[in-house]
Amino acid sequence: MPDEAETESRTAAVARRAVSRRRFLQGLGVAGVAAGAGGALIPLTALPQRERALAENAEDEKIAAHQWVMVIDMRRCTNERDCMSSCRKNHYLHEGQEWIKTYTIETHNIEDPHGHSHYMPTLCMHCQQAPCVKVCPVGATFKSPDGATLVDQDRCIGCRMCMAACPYDVRTFNWDDPLPAPNVLGKPAPEYPVPQRKGTVNVCDMCTHNTRNGELPHCVDACPNQAIFVGDLATDLATDGKETVRLSELLQDNDAFRYKEELNTQPRVFYIAGHGQDES
Amino acid sequence: MVAEMRQAHVAQPAVREAALRSLGGGGLTFWLIATPLSLLVALGVAAFAYQLKEGLGVTGLNDQVFWGIYTANFVTFIGISYGGAVISAVLRLSGASWRAPITRLAEAMAVVSLAVGGLFVIIHLGQPLRVWNMVVHAQISSPLFWDMVAISTYLVGTIVFLYLPLIPDIAVCRDRVDQSGLRHRLYAFLALGWRGTSEQRRILTWGVTLMAVIIIPLAVAVHSVLAWAFAVTSRTGWHSTIFGPYFVVAALFSGVATVILVIAAFRKAYHLEAYIETKHFQYLGYMMMGLGVLYLYFTFSEFLTEGYVLDQEVQGLYESLLVTTYAPMFWAFVIGGMAIPIGLVALPRTRTINWIVFAAALAAIGMWLKRFLIVVPPLAGDSSYTPSWVEIAVTVGALAAIPLFLMIFVRIFPVLSIWEMEEESMVEEPEKRAESVPEFAVAQEVV
C-alpha cells in the first residue's frame, strides 16, 4: 500500500511537470509582456521541468489512457444532496466547503410564464482550457493527463488568483484548520488532497484517486437517483453506478450542453436539461 | 563652473539651512508625531503576526469575497507610488523650473509607499512563507508573475531615481558632519566621491534624465499589469478592456493628491514655506484636477457602455453599486472623491493652499473607496464582506508606516534637493538671488 501511494504521488508530480511544460510553450506568446528581468528567470525554472517531463513521459501516457468526463442528468436530480455530504465526508471537508453543490434555478420566460425551478449540481468543470491553470503563478493548479484539474497543496501559495479566474465559482479556500483526517498517502497528494492544507485552495479532484483504481467518484456512488455519470472519452463509456451506456449516445440523444460554453473553457462536465421529472 | 557653484553656495545659505533642518536629532514635535505612528505600525505588525499564526480565517474574507481590503490597499499604495515617481519624472523631463523643492519628497514617497504596498502581496497570501515559489516555480502565463517582475523592477527603478539626485546632497552632508562619526562614513560611502566637478555633474544630469525617461514606461507597465490581474478574468466588473489605462489614470490621480498631502505636511513641520509656495500647490492642484476629470470620464465611459447593454450580471452589479449595498460608498467616491476636488481647484476662490490640501485629502480617500469598489462588489453578489479587526489594524499600520518612514528618511537625508534649487535660482533667476535671502528672513520671522 505505501508503495502504491508513492507511485501515485510521483505520477502526479510527473503530470504536473508535463503540463507546466505545455503551458510554458503556450506562454511564450506573452513573453513580450514580461519585462527584461523575467528573461533571466525563465531558463532557470522551465528547463529542468521540460527535461524531466520528456524523460518520464511513459507514465503520463498510462494515465492518459482514460479521459474522464462527468455527465449530470438534471431530469433525475431532486436535490437530495447526498452527493454533497458524501463528497465532504470522504474528502474530510468542512460544511460549506462544497466541491459539488446543487443550486436551485428559478426559470421564468415567455413560454413558461408561471415559472418552474430545477436543480443544478455544480462542481469543478475540469475545463480543458482552464482559466485557473493559466493564472496560477506557481503552477500549483494543473491539468492531469486524464483530464482532471488538480491542485498541489504543497506548492499553492494561497493567492486565490485561480478563484478569481474561475468562471464557475467552484473553488474554495482553506481559511481555517482542516478537519482531522487519516493521512492515507503519507502526505496530501493532488489526486487525494487529504488532509487539506490550511491557507491553500481546494476544488473537486474528480475522485481520480478512485477512478484510477476502477472505482466510482463518491458523488456518482452516493446519488440515490443516478443523476451523475462518470464517463471516459477514450473508451466511450459512461456509468451512473447502476447501468453503463455509450457516452457519445448519452450526450447526443439527450442534447447535452456545457455550462458557459461561450467562454471557450471547454468544460469536461456535461449537462442534460430537466427539472427532476425522471425521478427513479 | 565649479567656481560659479561655490559662489552660488555662498549666496544661498538659506536653502541649505532649510534643507538640512530636518537632519540629526528630532525635536519634541518629531517625537510627538513619531511615537503614535510607531505604535500604530507596531499594532499592524502584531496583527499580521497573529494572522500568520492563525491563518486567513481571522480576516473577514470568505469563499465568495476572497479578496478584500488587502487587495484594495495593495492597489492604492502602489498607485500612490506611481504618482510620486511619474510626477517627478514628468516635471524633470519638461524642465519645469518650479519642481526643485518637491521632487525629493515625491521620489521618497514613491519608494516608501511602494515598499509598504508591495508587502500586501505577501500579507494577503494563505501561505506567505511560500512566496519564494513565485520565483522557483515561476509561470510566465500568470498575471501575478507579470506583477512580480514589474513591481520588483520598478522598486529598483524608484530607488535609483531617488538616489541619483541625492548624491550631491549627500556630499553636502558628508562635508558638514563630524568627520569621525558613523554618519560621516555612511554619507562618504553613499556620496561615491562626489566633488561636484563638471564631469560628475554632466554624468549625473545624464543619469537622472535617463532614469526619468525609464521610470515613466516602467510605472505604466506596473499599473497596467496590476489592472490586468483583474481584467484577464471573465468576471463581470473586472473583465474590461479599459482597465489598464483606467488604473494608470487612477494611480496618477491618487498619486498627485498624496504628493500634495505629503508636501503640505513637511512644509508645515519643517517650516519650508519660503520654498514650497502657493504656486506649487496650485500647479499640483491643476494636475490633480486634470487627472480627476480624466478619471471621471473613464468611469463614465465604463459605466455607460456596460450599463447600456445591461446584461443580467451587469444589472446585478450596477444595482448594488449605484442603488443598494455599495451606493453610499460609490456616490461618496463620485461626489466626494472626484466632483468636489475638481470643483475646489477649478474655482479661483478656493484655489488656496488649505482648500487644495482638503481637495487632495478627499481625492486620496475617494480613490481608496474606489479600489474597494473595484475589488469587492464584483465578488460579493448576494454575500457580504466586512473587514475584521485584523485587516483594519494591518491597514492602519501600513498607512502610518508611510509618514513614519518619510520622517525617518528626512532625518538622514535633506528634505529639499539642495543642488537643484541652487542651480534653478542660479540659472533661471540670477537677479533674484540677492533678494531671496531677506525674503526668507521675513518668512522666518512670521513663523
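Arg81(A) is placed in the loop between strand 1 (68–73) and helix 4 (82–91) of chain A, where helices (H or I, at least four residues) and strands (E, at least two) are DSSP runs numbered from the N terminus. The phi angle of Arg81(A) is near 65°, a positive value in a residue other than glycine. The model is predicted, so that local features need pLDDT of at least 70 and side-chain atom pairs count only at pLDDT 80 or more, while totals for chains, interfaces and linings use all residues. Residues are numbered from 1 along each chain as its sequence is written, chains are lettered from A and ligands numbered from 1 in the order in which they are written, and side-chain values use heavy atoms, with hydrogens and water left out.

Also in chain A, Val194(A) and Pro195(A) are joined by a cis peptide bond with omega of about -5°, and Pro195(A) belongs to the loop between strand 6 (172–173) and strand 7 (201–202).

The contact between the chains (heavy atoms within 4.5 Å) takes 47 residues from chain A and 43 residues from chain B. Together the two chains bury about 3500 Å², 60% of it on carbon and sulfur atoms, buried area being the accessible area (1.4 Å probe) that two parts lose on being put together, summed over both. Of the area that chain B buries against chain A, 18% is supplied by Asp63(B), Gln139(B) and Ile140(B), more than by any other three residues.

Across this interface the rule finds 1 salt bridge, defined as a side-chain nitrogen of Lys or Arg within 4 Å of a carboxyl oxygen of Asp or Glu. Arg235(B) forms a salt bridge with Asp169(A), the closest N and O atoms being 2.9 Å apart. On the side of chain B that touches chain A, at least two residues each come from helix 3 (28–54), helix 6 (133–136), helix 7 (143–163) and helix 10 (198–231) of chain B, and helix 7 gives the largest share, 7 residues. A search of the whole structure finds 20 salt bridges over all chains. Arg235(B) lies in the loop between helix 10 and helix 11 (243–269) of chain B and Asp169(A) in the loop between helix 6 (161–165) and strand 6 of chain A, so this pair joins two chains.

Helix 17 of chain B bends by about 25° at Ala401(B), and a proline, Pro403(B), follows within four residues; the bend is the angle between axes fitted to the seven residues ending at a residue and the seven starting there.
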